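Please look at the sequence and the model below, then read the notes by topic.

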Amino acid sequence: MEQQQSDAPPGTDFEESAAMATVLSSVEVGAIEVFMTQDHARLDGLLRLALPADGGIDRDVYEQFRRDLLRHIAMEEKVLLPYARAKRNGERLPVAKALRADHGEIARLLVPTPSPALIGALCALLGWHNRLEEGPGGLYALCDALAGKDGDEVVERLAAQPQVPVAPHYDGPLLNRT
Ligand SMILES: [Fe+2]
Ligand SMILES: [Fe+2]
């Protein structure tokens, strides 16, 4: 197997996510977990590509990452969390509040023009956040358990989620207001 070089900033989990996606595709896990975890690995790969070894940022790749990450969050906010709530007779998943808070923070980090430091912060947050979603007891496994044999239908809805409108970067004085 080809030796992989990691030029990821400290605190990232690129290899871990890729390994997780590989494992998930070879053992019996639910369709939702396979689909969403593979998307995590794809996004991690894009972010890694956006940081070439020369210390710069590949803006075209970063913008694709930004668009696709916002769509990924929309899949969770508009499909998975409402689905889980409906299946639980209107009761939110206990993890929903923490996930939504993370999504808000991730979206805030996607607003300014990217810098290596900002991307490092994004990597660290995504590494933490994805652990709430992947693996036993994570969001995706919980949704698979709720979906039962309907997991493929949920995946079809996830795959059909459109791109979300993406605003230009903003670096002005309103950036740090909450
Ligand atoms: Fe998420
Ligand atoms: Fe996710």
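Helices (H or I, at least four residues) and strands (E, at least two) are taken as DSSP runs and numbered from the N terminus. On that basis the protein has seven helices and zero strands. The model is predicted: local features need pLDDT of at least 70, side-chain atom pairs count only at pLDDT 80 or more, and totals for chains, interfaces and linings use all residues. Residues are numbered from 1 along each chain as its sequence is written, while chains are lettered from A and ligands numbered from 1 in the order in which they are written.

**Overall make-up**

- The elements follow the order α-α-α-α-α-α-α from the N terminus on.
- A residue is buried if 20 or more other C-beta atoms lie within 10 Å of its own, exposed if 12 or fewer, and partly exposed in between, with C-beta atoms placed from the backbone; 29% of the 178 residues count as buried.
- Two residues are in contact if their C-beta atoms, placed from the backbone, lie within 7 Å. Of the contacts with a separation of 6 or more, 67% join residues 24 or more positions apart.

**Nonpolar cores**

- A nonpolar core is a set of buried Ala, Val, Leu, Ile, Met, Phe, Trp, Tyr and Cys residues joined through C-beta atoms within 7 Å.
- The largest such core has 17 residues, and I32, F35, L80, A84, C143, V154 and V155 have the most contacts inside it.
- At least two residues of this core come from each of α2 (31–50), α3 (59–87), α6 (139–147) and α7 (151–159), and α6 gives the most, with six residues.
- Apart from neighbours within four places in sequence, C143 is in contact with I32, L80, Y83, A84 and V154.
- A second, separate core has 12 residues, including L43, L51, I119 and L122.

**Packing of α4 and α5**

- Helix α4 (residues 96–109) and helix α5 (residues 116–133) pack at an angle of about 160°, their axes 10 Å apart; axes are lines fitted to C-alpha atoms, for helices over the stretch in contact, and angles run from 0 to 180 degrees between N-to-C directions.
- The two helices are therefore roughly antiparallel (angles under 35 degrees count as roughly parallel, over 145 as roughly antiparallel, 65 to 115 as roughly perpendicular and the rest as oblique).
- A98, L99, D102, E105, I106 and L109 in α4 meet L118, A121, L122, L125, H129 and L132 in α5.

- N89, in the loop between α3 and α4, has a positive phi of about 55° although it is not a glycine.
- N89 counts as exposed because it has 6 C-beta neighbours inside 10 Å.
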